[in-house]
Protein chains: 2
Amino acid sequence: MAGGTVAIVAGAGRLPLLVAAALEAAGRPFRILAIRGFADPATRRRAHATVDLLDVRGALARLDAWAPSGVTLAGAVARPSPAALLNTLAVLRNRDELRSLAQGGDDHLLRGVLALLEEHGHRILGVHELAPDLMAKPGPLGAGRPDAAAETSVATGRALLASLSAHDVGQAAVVANRRVLAIEGPEGTDRMLARARSLARRPFGLGRPPTGLVLVKLAKSGQDLRVDLPAIGPRTVRAAAAAGCSGIAVGAGDTLILDRAETAALADRLGLFLLGLEASA
Amino acid sequence: MAGGTVAIVAGAGRLPLLVAAALEAAGRPFRILAIRGFADPATRRRAHATVDLLDVRGALARLDAWAPSGVTLAGAVARPSPAALLNTLAVLRNRDELRSLAQGGDDHLLRGVLALLEEHGHRILGVHELAPDLMAKPGPLGAGRPDAAAETSVATGRALLASLSAHDVGQAAVVANRRVLAIEGPEGTDRMLARARSLARRPFGLGRPPTGLVLVKLAKSGQDLRVDLPAIGPRTVRAAAAAGCSGIAVGAGDTLILDRAETAALADRLGLFLLGLEASA
């Protein structure tokens, strides 16, 4: 990773400061642009500037003034109301183009934001590039290990998600052995897990409730990790456990583990394995 | 279609008598084996015999005595409790094999029932073979026509379902333009439509609620239509309309249209198009 100042556009949660700490450890300078109403108090205390989410002009002016060697987007930002976002972005972009973006999947939308920053000459860097130690590593992340049924589920889930990779949907699935219980759509991982929970309790197939349930979560091939980084954390572990999953398998290197120690400890306590999958396996 | 008596194993709904009428029109003899508690009164009045769903021995004995040239399974049968089904089938089949079947998708289960009948020397015929006029034809089925957005949705849905075809999941999806809102799992089409309805009302992407929503429903490649025939009917049209769909596209030749006249009239009244898709298009 070349040097130069990194601008961290900071949303909610601990991630912005974790990225800052990783940059500090690497001796790389950074500036934090906190998003008002989203960035945590701890982040705002260390921020070099603060902007409103919808103040796109202000954010761009600040970034242009800093002239960073790279910009990274870190931390959650709840989507503003569609109308508000459309109006503010329409100042800068063609409305028809925006509508076209809005008709595609999340990827299309994020690519639009990315294009806007890049048009202003900014280079977008991913958290996975700046702070690789925050990403899942290959192999078990906690004490648990998948049993034979869970291994079948993992293989089934990998093959399924690979098939879906071209379609801008389905970054995650819940699988029980060879059976797919749920594929994630725009509703997100937590709501997909709630659905799998209800299906597992009232099994549709023959026999007892399905065994070997695993949440498999992988980046799509070609997914732009700079703006759309798969992530799991304690909340994911809790939701997976509630759905009856025996474990969670994620792509190593392309999945962020939020609160790594807490996530692994919680998985151990709830009896779930956490497994990082190598891309080529 | 060669001649010889057809045994119609009759579950709920009008389908068994529709198949009987098609056979009558073709001058082909048939016998109806009604499933007690499922077959409609009108079906039972014309039945040649009646059995309990769980009386597998009795059903096989009856079919063996009739020695039909083919057996067809027509009409819905709610699944009995898994334990009851496991116990009754275990009389005839290896328990471990049943468990293995239960771990796969619906296809695995249905293939097990099929194997049982075939081991007894019966030839299973599909409703689509015996009564092809009940199936969707290529082209529009009602007065409605897809607009450009809906055509994009149809193409997106076809490509998506083709990708999923190998995975024993996802016989249907709800698509809005290039965006996939929901993929059907074991919950079935109606519950997937309810999910799409809630997603469409609270759009995740930019802009107004998604437009051009279409329910796309296709048999998997290699799907055994003799035991697992995609079907739509008035209930599907009502659920798709409630989800905000502008239409329904189904595979021509491999999708049963229940109550064709009522289905088309309802779609016309609710402003939905119904489109039969050719396999090669």
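What follows is a chat about a predicted model.

Visitor: In the open sheet of 4 strands in chain A, which are the edge strands?
Guide: The sheet runs in the order β3-β2-β1-β4 (chain A), with parallel pairing. An edge strand here pairs on one side only. That gives β3 (49–51) and β4 (70–74) of chain A.

Visitor: Which residue of β3(A) is the bridge partner of I35(A)?
Guide: Strand β2 of chain A covers residues 30–35 and runs parallel to β3(A), with 3 bridges joining the two. For I35(A), the bridge partner in β3(A) is V51(A).

Visitor: What angle does helix α1 of chain A make with β1(A)?
Guide: Neighbouring strands of this sheet are turned by 25 degrees against each other on average, direction ignored. Helix α1 (residues 15–25) of chain A packs on the sheet and touches β1 (6–10), β2 and β4 of chain A. Its direction against that of β1(A) comes to about 165 degrees.

Visitor: And which strands does helix α3 of chain A lie across?
Guide: Helix α3 of chain A spans residues 56–66 and runs at about 175 degrees to β2(A). The strands it lies across are β1, β2, β3 and β4 of chain A.

Visitor: Moving along chain A, which residues of helix α10 are buried?
Guide: Helix α10 of chain A takes in residues 234–242. Among the elements covering its buried residues are α9 (189–201), β8 (213–217) and α11 (260–270) of chain A. Just after the helix, G244(A) takes a positive phi of about 90 degrees. As for the buried residues themselves, they are P234(A), T236(A), V237(A), A239(A) and A240(A).

Visitor: Which residues of chain A does L160(B) contact, leaving aside neighbours within four places in sequence?
Guide: The largest nonpolar core has 34 residues, and L160(B) is listed with those having the most contacts inside it, as are L164(A) and I183(B). Within chain B, L160(B) is in contact with A173(B), V180(B) and I183(B). Over in chain A, the contacts are L164(A), H167(A) and V169(A).

Visitor: Why is L141(B) classed as partly exposed rather than buried?
Guide: L141(B) sits in the loop between β5 (139–140) and α8 (148–164) of chain B. Buried would need under 20% relative accessible area. L141(B) is called partly exposed because its value is 22%.

Visitor: How many Å apart are L141(B) and A264(B), C-alpha to C-alpha?
Guide: Beyond four places in sequence, L141(B) touches A136(B), I257(B), R260(B), A264(B), L274(B) and G276(B). L141(B) and A264(B) are 123 residues apart in sequence. In space, C-alpha to C-alpha, the separation is 6.5 Å.

Methods
Residues are numbered from 1 along each chain as its sequence is written. Chains are lettered from A and ligands numbered from 1 in the order in which they are written. This is a predicted model: local features need pLDDT of at least 70, side-chain atom pairs count only at pLDDT 80 or more; totals for chains, interfaces and linings use all residues. Side-chain values use heavy atoms; hydrogens and water are left out. Two strands pair if DSSP finds at least two bridges between them. Axes are lines fitted to C-alpha atoms, for helices over the stretch in contact, and angles run from 0 to 180 degrees between N-to-C directions. Contact means heavy atoms within 4.5 Å. Buried means under 20% relative accessible area, exposed over 50%, partly exposed in between (1.4 Å probe, protein chains only). A nonpolar core is a set of buried Ala, Val, Leu, Ile, Met, Phe, Trp, Tyr and Cys residues joined through side-chain atoms within 4.5 Å.
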